Amino acid sequence: MGAWELALVGVVMMLGLGGVLVPGVPGSWLVWAGALWWALQDPHGRAWAVLVGATLVLLVSLVVRWQLPPRRLRESGATHRLAAYAGAGALLGFCLVPVVGAAPGFVGGMYLAERLRLGGHGQAATAVRTALRAGGWNVFVELYACLLIVGAWVAAVVLRG
């Protein structure tokens, strides 16, 4: 697989990561489709292992999300800025502290957005708790699954290098 094709797979996966934060966009399936495209175009053992792992991670995330309350973020007052800050925080946390940094990054991004919007610590903390209860954990589980898949793909591409 050439560099341009790898770049296109990366673009599809990044669109999927962004799509997780946008209601109605099948972000996790875009990430999985990118992994599938890569595995079909560059068939080797590591590619198939990443695809199987991606499939398992998505299935586990679906089961976990079914156990969580449904998304009702709009009713809780969540904004697009909140989603963007939470996603950026999760991505930054995932890169700075691999794998485990996504959770504090996600919550920290939400807190920063609410602190900038509301001004005070108490109000921001209350707004973050409300958003998390209204479906924020649901979004986090899907985003975290996608981050794991993209991380595995990047590692496999770099190791194949």
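Modeller: Start with a term: buried means under 20% relative accessible area, exposed means over 50%, and partly exposed lies in between (1.4 Å probe, protein chains only). This is a predicted model, where local features need pLDDT of at least 70, side-chain atom pairs count only at pLDDT 80 or more, and totals for chains, interfaces and linings use all residues. Residues are numbered from 1 along each chain as its sequence is written, and side-chain values use heavy atoms, with hydrogens and water left out.

Now to helix 2. Helices here are DSSP runs (H or I, at least four residues), numbered from the N terminus. The buried residues of helix 2 are Gly27, Ser28, Val31, Gly34, Ala35, Trp38 and Ala39. They cover an arc of only 130° around the axis, which puts them on the same side of helix 2. That arc is taken from the directions from the helix axis to the C-beta atoms. An α-helix has 3.6 residues a turn, so residues three or four places apart point the same way.

What does that buried set pack against? Its partners are helix 1 (3–20), helix 3 (45–67) and helix 6 (121–160). Contact means heavy atoms within 4.5 Å.

Leu36 also lies in helix 2, which runs over residues 27–41. Leu36 is partly exposed, at a relative accessible area of 26%. From Leu36 to Leu51 is 6.1 Å, C-alpha to C-alpha, although they are 15 residues apart in sequence.

Next, Trp38. A search of the whole structure finds five aromatic pairs. Rings of Phe, Tyr and Trp (its six-membered ring) pair if their centres lie within 6.5 Å; planes under 30 degrees apart count as stacked, over 60 as edge-to-face and the rest as tilted. The ring centres of Trp38 and Trp153 are 6.5 Å apart and their planes stand at 90°, so this pair is edge-to-face. Trp38 lies in helix 2 and Trp153 in helix 6, so the pair ties together parts that are 115 residues apart in sequence. Both Trp38 and Trp153 are buried.

Trp38 has a place in the core too. A nonpolar core is a set of buried Ala, Val, Leu, Ile, Met, Phe, Trp, Tyr and Cys residues joined through side-chain atoms within 4.5 Å. The largest one has 34 residues, and Trp38, Phe106, Met110, Leu143 and Leu147 touch the most other members. Helix 2 is among the helices that each supply at least two residues of this core. Helix 6 gives the most, with 12 residues.
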